[in-house]
Amino acid sequence: MPDVLIRVYVPEDLETLREITVASFGSVAVDEMLEQRYGVWNGRDWRARKADHINEDVAANAAGCFVAEREGRTVGYITTRLDRVNGVGRIPNLAVTAEMRGQGLGRRLIEHALDYFRREGMGLAKIETMASNPIGQKLYPACGFEEVGRQVHYALRL
């Protein structure tokens with residue numbers, strides 16, 4: 001995919017990354033599952049909460065947020081977090097626009113993040129996905145990740 005450039009995030013990317021996030025996650029977002037069960041709370045729907053995760057990611061590590069561009073248009077991104085004390089790199093969010101899915105861009109973004117982790121001296125990389133996300137369940141092992149455990153989410157409406 002030579003016509004796609006992967007570059008470091010700049011603040012002007014934020015709104016577009018939020019839009020891609022909302023368009024990409026849907027049924028695989030814990031926040032949407034919570035909303036389906038409990039309805040909207042605090043006047044903010046799952047889309048607003050999920051988009052806020054991107055704000056948090058770039059605030060925590062803007063230098064480790066990478067944006068994929070094709071012909072000047074953003075077509076995907078990946079965010080990372082570094083735990084320097086423990087040498088762990090984590091990928092909290094990865095999204096690719098619908099028209100670019102299935103073309104290897106997700107894999108390229110993951111490889112870019114893994115190279116970043118190596119340069120930063122991390123000894124382990126982590127990524128997680130929901131059981132309802134067949135793309136992640138296929139892509140992550142194809143990139144060398146191994147399943148090491150499963151997590152169950154519980155909630156209680158207050």
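1. Helices and strands here are DSSP runs, H or I of at least four residues for helices and E of at least two for strands, numbered from the N terminus. This is a predicted model, where local features need pLDDT of at least 70 and side-chain atom pairs count only at pLDDT 80 or more, while totals for chains, interfaces and linings use all residues. Residues are numbered from 1 along each chain as its sequence is written, and side-chain values use heavy atoms, with hydrogens and water left out.

2. Axes are lines fitted to C-alpha atoms, for helices over the stretch in contact, and angles run from 0 to 180 degrees between N-to-C directions. On the helix 4 side you'll find G106, R107 and I110, meeting L139, Y140 and A142 of helix 5 (contact means heavy atoms within 4.5 Å). By class that is four nonpolar residues, one polar and one charged. For the record, Ala, Val, Leu, Ile, Met, Phe, Trp, Tyr, Cys and Pro count as nonpolar, Asp, Glu, Lys and Arg as charged, and the others, Gly among them, as polar.

3. Next, have a look at helix 1 (residues 14–25) against helix 3 (residues 46–61): their axes come within 9 Å and cross at roughly 135 degrees. Helix 1 is therefore oblique to helix 3, and this crossing is right-handed. Helix 1 brings L14, L17, R18, T21, V22 and F25 to the contact, and among the helix 3 partners are W46, K50, I54 and V58. The contact residues come out as nine nonpolar, two polar and four charged.

4. Sitting in helix 1, T21 is buried, at a relative accessible area of 0% (buried is under 20%, exposed over 50%, partly exposed in between, with a 1.4 Å probe and protein chains only). What does the side chain of T21 do with its polar atoms? One of them lies 2.7 Å from the backbone oxygen of L17, and a polar contact of 2.5 Å joins the side chains of T21 and Y77. A polar contact is a pair of N or O atoms within 3.5 Å; within protein, one must be able to donate a hydrogen and the other to accept it, and residues adjacent in sequence count only if both atoms are side-chain atoms. Not counting residues up to four places away in sequence, T21 touches K50, I54 and Y77.

5. Helix 3 also packs on helix 2 (residues 30–38), with axes within 9 Å and a crossing of roughly 160 degrees. That makes helix 2 roughly antiparallel to helix 3, and the crossing is right-handed. D31, E32 and E35 of helix 2 face W46, R49, K50 and H53 of helix 3 in this contact. The class count is one nonpolar, one polar and five charged residues.

6. W46 is buried at 4% relative accessible area and, leaving out residues up to four places away in sequence, touches V22, G26, A29, D31, E32 and E35. Between W46 and A29 there are 8.2 Å in space, C-alpha to C-alpha, and the two are 17 residues apart in sequence. R49 counts as buried too, at 12%, and its contacts beyond four places in sequence are D31, E35, W41 and R44.

7. Finally, the loops. Most residues other than glycine have a negative phi. N42, in the loop between helix 2 and helix 3, has a positive phi near 55 degrees and is exposed at 74%. E71, in the loop between strand 2 (66–70) and strand 3, likewise has a positive phi near 55 degrees and is exposed at 74%. V85 lies in the loop between strand 3 (73–83) and strand 4 (88–96) and is exposed at 79%.

Technical notes. Angles under 35 degrees count as roughly parallel, over 145 as roughly antiparallel, 65 to 115 as roughly perpendicular and the rest as oblique. A crossing is left-handed if the near helix is turned anticlockwise from the far one by less than a right angle, and right-handed if clockwise.
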